[in-house]
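Let's take a walk through this protein chain together. Keep the structure open beside the text as you read.

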Amino acid sequence: MRLFVDCITATEQARLNEAYQGYKSDPQLFNGIKEYLASLMAQDLIPSPALPGDFSRCKQIQNKVYKIFLRSKFDEHLSETVNTRINKMVSPLVPEIQDSDMQNAFQIMRGFHGHDSIRIMKTWSHAWCTSDRYSETVILPCLFGCVGAIDKQAHYIMCPYMYTLQSFMWTDEVSADPLARLALKDTSCSNLKLVACTFSGYHNLKFNHAARFHPGGDLDPTVELPGHALKLFRGSFANVFRAEAMELGLNTRRFDPDAFNSFVSGQSAINDVATPLALPSPEV
Ligand SMILES: [Zn+2]
């Protein structure tokens, strides 16, 4: 049987094959998937013994896999894991994450779709696909326009431009405190959704425009982004952010570059907006 079609790259084929085989190279995921297959067999939802990847009779698979994934990957030490990852991300700053806020967040997320919870967990786990995290051949600059800052999640959670874009797009007030923007302080259903929408906005922007900084592209990662690129990048982030926010029932504004510039200049100064988010200078 021909398993793959021509439009799937060799890398994607390898990933699909790995998934089909039950992630044998990752013991935590492999054990989680084994547990899941056993539970499906017990419910007679798949034939026993199960073939790898045979989930055709199983409904709501993403939600079920998400729960197993969380348990197998993070065990019962989820709060501790999130705390460690956030602390590492914002070092040398030391955030004070209250366990009550985190437990409240987990409780709210139980009502979310798996896809939304995964976007939040990936943010808290320092798992954005930035060029810095993947040590890509070309390390991109901050895609929102900070001069001297690189494409790195530790920067983005404090990036004054990303914060201003969120504030412009969302009709509710966006907190100046990065921990609240991560929904790890004053946690609410809305600021958790903000995290999920921001995740999508960034990844769409990165995947659609990263190649422009590569050899032969029209942008140089070592020089300040030109105005036309900034306009395009901010618009790209904002449009996906808005689409996701509308899907989740959040009120947003339509992005307009001129209105955004007026919004920025109407505030005292964009750098002041970042207060008290002073960037950890050795890291950016
Ligand atoms: Zn920035």
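Predicted model: local features only at pLDDT ≥ 70, side-chain atom pairs only at ≥ 80, totals over all residues.

A residue is called buried here if 20 or more other C-beta atoms lie within 10 Å of its own, exposed if 12 or fewer, and partly exposed in between.

**The whole chain**

The secondary structure comes to 13 helices and 0 strands. Of the 284 residues of the chain, 29% count as buried. Among contacts between residues at least 6 apart in sequence, 61% join residues at least 24 apart.

Alanine 183 sits in the loop between helix H9 (178-181) and H10. Although alanine 183 is not a glycine, its phi is positive, at about 60 degrees. Histidine 126 is another residue other than glycine with a positive phi, near 60 degrees. Look for histidine 126 in the loop between H6 and helix H7 (153-156). Phenylalanine 213 belongs to the loop between H10 and H11.

| Residue | Other C-beta atoms within 10 Å | Class |
|---|---|---|
| Histidine 126 | 19 C-beta atoms | partly exposed |
| Phenylalanine 213 | 22 C-beta atoms | buried |

What does phenylalanine 213 contact, leaving aside its neighbours within four places in sequence? Its partners are Val138, Leu140, Leu219 and Pro221. The C-alpha atoms of phenylalanine 213 and isoleucine 139 are separated by 8.7 Å, and these two residues are 74 residues apart along the chain.

**Where H6 meets H10**

Two packed helices are described by the angle between their axes and the distance between the axes. For helix H6 (residues 114-124) and helix H10 (residues 189-209), the angle is about 80 degrees and the axes are 8 Å apart. H6 is therefore roughly perpendicular to H10. On the H6 side the contact is made by Asp116, Arg119, Ile120, Lys122 and Thr123, while H10 brings Leu192, Val195, Ala196, Phe199 and Ser200. Sorted by type, the residues of this contact are 5 nonpolar, 2 polar and 3 charged.

In soluble globular proteins, nonpolar side chains tend to be buried together. The largest nonpolar core in this model has 51 residues, of which Phe144, Cys159, Leu165, Val195 and Phe237 touch the most other members. Two or more residues each come from helix H4 (78-90), helix H5 (99-109), H6, H7, H8, H10 and H11. Which element gives the most to this core? That is H10, with 8 residues. As for cysteine 159, its contacts, leaving aside neighbours within four places in sequence, are Cys142, Phe144 and Cys146.

**Helix H11**

Helix H11 (residues 227-247) has 21 residues, so at 1.5 Å a residue it should span 30 Å; its end C-alpha atoms are 30 Å apart, in agreement. The buried residues of H11 are Phe233, Arg234, Phe237, Ala238, Val240, Phe241, Glu244 and Ala245. An α-helix has 3.6 residues a turn, so residues three or four places apart point the same way. The cover over the buried residues of H11 includes helix H8 (160-169), H10 and helix H12 (257-266). Just after H11 comes glycine 249, with a positive phi of about 80 degrees.

Key. Residues numbered from 1 in each chain as written. Axes fitted to C-alpha atoms, helices over the stretch in contact; angles between N-to-C directions. Helix = DSSP H or I, 4+ residues; strand = E, 2+ residues; numbered from the N terminus. Parallel < 35°, antiparallel > 145°, perpendicular 65-115°, else oblique. Contact = placed C-beta atoms within 7 Å. Nonpolar A, V, L, I, M, F, W, Y, C, P; charged D, E, K, R; others polar. Expected span 1.5 Å × (residues − 1). Core = buried A, V, L, I, M, F, W, Y, C linked by C-beta atoms within 7 Å.
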